[in-house]
Amino acid sequence: MTWPARRLRWNEPVLLVAGGCLLGLTPGFRTMVLPPPVDLLLFLPPLLYWESLTTSLREIRSICAGSCCSRPAWCWPPLPP
């Protein structure tokens, strides 16, 4: 779904969710059930690895700065006195 999203210049997550919903509505996939540990072992590590490779340090800093509105003690850099 990523390739059609880039080709059509649509938002990738929206098309991925739509494709997942369509896949979930197909009769063959309705009865398939995976145990939660299998989900964690099969899907989570590749997703985290890919995001660690494609997320820039600048983006991580902007996310941290945006989430530290009240500037808690664990947020870096600390405010000057």
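Of the protein's 81 residues, 6% count as buried, where buried means under 20% relative accessible area, exposed means over 50%, and partly exposed covers what lies in between (1.4 Å probe, protein chains only). This is a predicted model, in which local features need pLDDT of at least 70, side-chain atom pairs count only at pLDDT 80 or more, and totals for chains, interfaces and linings use all residues. Residues are numbered from 1 along each chain as its sequence is written, and side-chain values use heavy atoms, with hydrogens and water left out.

Let us stay with the surface for a moment. The accessible surface of the protein is about 7500 Å², and 71% of that belongs to carbon and sulfur atoms. Such areas come from the Shrake-Rupley method with a 1.4 Å probe; for residues, only the protein chains shown count as cover.

Now for the overall build. The protein has six helices and zero strands, giving the pattern α-α-α-α-α-α along the sequence. Helices (H or I, at least four residues) and strands (E, at least two) are DSSP runs, numbered from the N terminus.

Begin at Met1, which sits in the segment before α1 (2-8). Met1 is partly exposed, at 45% relative accessibility. Leaving aside residues up to four places away in sequence, Met1 touches Leu15, Leu16 and Gly19; contact here means heavy atoms within 4.5 Å.

Arg9 is exposed, with a relative accessible area of 77%, and has a positive phi of about 60 degrees although it is not a glycine. Most residues other than glycine have a negative phi.

The structure holds one salt bridge, meaning a side-chain nitrogen of Lys or Arg within 4 Å of a carboxyl oxygen of Asp or Glu. Its partners are the side chains of Arg6 and Glu12, at 3.0 Å from N to O. Arg6 is exposed at 58% relative accessible area, while Glu12 is partly exposed at 26%.

Finally, look for Leu34, Leu42, Phe43 and Leu47, which form a nonpolar surface patch with about 400 Å² of accessible area together. Patches are made of residues with over 30% relative accessible area and no salt bridge; like charges are joined within 9 Å, nonpolar side chains (Val, Leu, Ile, Met, Phe, Trp, Tyr) within 5 Å. Leu47 belongs to helix α5 (residues 44-54) and is exposed, with a relative accessible area of 55%.
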